[in-house]
Amino acid sequence: MKAFWKNLTMAFGLVLVLTSIVGASEVTEHDIQQGKSIYERSCLICHGESGKGDGPAAFYNAAFSAPRARDFTVGNFKFRSTVSGSLPLDEDIFRTITNGIPGTMPSFSGLSSEQRWQVVAYIKTFYGGFQEEIPEVIKLAGLPILSAAESVRRGKILFQDMDCHSCHGRQGRGDGKVALAGELHDSRDLPISPNDLTNPTGWKNGATASDVVRTLFTGLDGTPMPSYESQLIGHEDDAWHLANYLLSLSGQN
Amino acid sequence: MTNVERFFHPSLKTVLALGFVLFVTSFPLRVPEAEALPAFARKYQVNCNVCHTRPPRLNPFGEQFLENGYQMPGTEDGGIVAKLKYGDVTLDDVSNYFAVLFGVDGVTNVNLKREVPGSEDLTELGTPAIVRLFTTGTVTENVGFFVDMTSIFSRSSDVEIGRAFITLNNLGGMDWAHLRVGRLDPSAYFSMARGRPHWVPVGPKFAPPFGSFATPTVTQWSLFQSAYASKFYGLFDRSGAFIMPFDSTLYNSPEEVGIDVHGRPFGDWFLYQVGVLNGGNERAGDSNNSKDWYVMTRFDYTQSAYLSVNLSGFGYFGNHNAKVLGGADVSRSRYGVGARVRYKWLDVYGAYTIDRVTDLPTGMEAIFDSTATGVTVEAHALVADRVLIGTRFDHMDAGGLLATRKSATFVGLQAKYYLRSNMWFTIRDDFNVRDSEGGRSAARNLRNRFNVSIDLVF
């Protein structure tokens with residue numbers, strides 16, 4: 001029951017994120033300049049002076065394979081709560097700065113909340129589309145499904161039916177036949193591995209059920225992970241079942 | 001031995017080299033997974049290569065993390081973990097503060113000319129050569145610590161405290177001044193830091209001297225960065241113990257008791273460092289009641305295009321920090337420049353140093369060369385995600401007693417295979433460029449050293 005309330009709370013949080021207008025107060029030139037100053041101290045070393053993801057340290061974590069540091073100049077963001085191909089919300093960028101990305105980017109929660117919002121404002125200056133496009137937020141209906149045995153069982157069937165195993169492997173170890181064939185590349189044409197779903201620290205876009213549901217709906221732009229929105233819209237229960245199954249693979253349910 | 005005979009009776013070195021190549025190539029070249037690893041990697045849930053070009057050398061991000069007292073660059077995030085209350089701390093939290101390194105010499109083959117009495121060719125299997133326990137981290141915002149306990153089995157099985165210091169960071173403002181107090185490594189921020197070497201220092205082997213101001217018989221030269229070596233023959237520390245010409249000393253000592261301040265008050269392009277040490281490589285403290293001090297400046301270009309370049313210069317000013325035969329005090333100083341260029345898969349760095357001995361007693365100038373120089377250049381290429389190859393050039397133009405001093409020049413070749421980013425195999429060969437020159441000196445006696453080793457840090 002505790003897990004149910006936890007999921008419910010997270011779902012409300014998700015709904016809030018998806019339906020709210022940008023949470024930060026109006027951005028000023030001062031914010032952008034402050035953000036630039038912080039960016040140059042904390043972010044430039046990986047993302048580069050011009051935001052192309054070519055900072056002096058960017059090569060080493062992904063020398064010959066993905067993921068390299070994000071190129072902010074092309075408007076292609078992995079971690080969003082918006083539909084595939086759309087720009088992220090400010091909250092999405094803020095969340096990534098705050099939480100980091102397990103394995104590749106540390107959390108910058110050591111920066112104050114104000115500083116992180118200022119960095120968000122500065123990052124958006126690298127891509128002109130932020131001035132013109134209004135991100136389209138994914139739409140979810142219904143409430144989360146408790147992670148019970150029946151839900152996990154149904155999620156396992158969906159995992160097979162939706163062909164997730166071709167990349168992630170039958171056991172979710174990231175060793176599906178497409179992955180083993182070396183056919184997966186990111187938008188920079190670097191080889192990329194599907195997530196090993198059995199590794200509890202490997203969930204780059206968050207490891208709660210609502211994070212996983214969000215990932216299923218948005219996909220991870222710039223990677224081979226597609227959006228399943230068209231298959232899951234109107235079948236949100238299935239998204240929760242699948243999320244419960246995926247998390248069970250790493251013992252997180 | 002003819003080529004045919006060589007084919008059917010390959011040397012141990014050849015067999016090992018082939019075995020290593022087969023071993024390496026037997027691993028499928030998969031895209032490496034993200035791994036959350038020792039202390040800092042665990043704490044921040046990132047791969048080792050976020051901070052390292054390849055362990056143990058730091059990349060520009062790791063250098064900024066180090067400069068900021070083990071906090072993310074531009075932040076004061078020390079309290080992230082430390083704010084847990086007593087009672088809430090779990091084993092996982094504790095593991096964020098500890099790391100262990102094992103260095104195991106798998107096989108070593110040493111080839112000598114036997115011109116020095118007691119010299120003997122050697123092929124041996126290794127026990128754990130080095131075991132190090134690190135405990136490090138931050139206790140609250142802008143307050144950190146580092147303790148390094150090392151046991152080097154080739155010396156003794158005793159555990160030694162190496163570096164042990166406290167950091168106070170961002171004094172006066174972000175990146176203005178970071179303070180270290182304790183037993184610290186002065187050259188941590190230099191272009192070619194002495195610590196975290198891709199080339200693990202080796203040796204020496206020697207017959208111990210008996211009594212104060214006695215000179216040991218060195219049978220095997222130490223393979224170490226010549227730029228950072230003592231370089232002088234005939235110097236003793238203040239207790240009368242012989243200072244080996246290849247001992248790491250002065251600004252490039254592995255640890256000295258002192259206080260050190262560094263910062264970047266004008267931005268990322270410029271770093272300053274000043275410090276004061278007891279000096280003289282004295283483990284027992286400051287017996288001469290005087291101090292050595294140093295200053296270092298470093299200029300960086302770290303903007304974009306996967307390129308970083310830096311250039312540093314330092315001066316280390318010794319004050320009665322050594323003795324010569326007869327017990328008279330002398331002062332040793334060092335001046336040096338260093339540079340490092342990293343571009344994608346290429347990493348080249350080096351240092352050139354000039355050492356000077358002053359305050360020599362009257363009459364000694366005629367038999368003692370008071371100037372010595374050293375140069376070390378290393379280059380590495382990351383040829384695949386898991387394979388690093390490198391070479392090193394070392395030259396020491398030795399000083400000291402004219403009758404015994406001997407310069408040395410070595411070249412090394414090395415390949416590393418990273419099974420994981422926290423575990424690597426190394427195959428390495430160092431050879432003496434000047435072994436054909438005569439002289440009963442360890443600098444000439446060591447012809448070649450071949451070594452296969454395994455390092456594991458967790």
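Predicted model: local features only at pLDDT ≥ 70, side-chain atom pairs only at ≥ 80, totals over all residues.

Residues are numbered from 1 along each chain as its sequence is written, chains are lettered from A and ligands numbered from 1 in the order in which they are written, and side-chain values use heavy atoms, with hydrogens and water left out.

I kept one background point in mind: most peptide bonds are trans, and most residues other than glycine have a negative phi.

**Cis bonds.** I placed A:P67 in the loop between α4 (58-61) and α5 (90-99) of chain A, where helices are DSSP runs of H or I with at least four residues, strands are runs of E with at least two, and both are numbered from the N terminus. In chain B, a cis peptide bond joins B:P55 and B:P56, with omega about 5°, and B:P56 lies in the loop between β1 (52-54) and β2 (57-58).

**Positive phi.** B:L250 is not a glycine, yet I read a positive phi of about 55° for it; its loop runs between β12 (235-236) and β13 (256-263) of chain B. Is B:L250 buried or exposed? At 2% relative accessibility B:L250 counts as buried, a term for under 20% relative accessible area, with exposed meaning over 50% and partly exposed in between (1.4 Å probe, protein chains only).

B:H320, also not a glycine, has a positive phi of about 50° and is found in the loop between β16 (307-317) and β17 (322-324) of chain B. With a relative accessible area of 31%, B:H320 is partly exposed.
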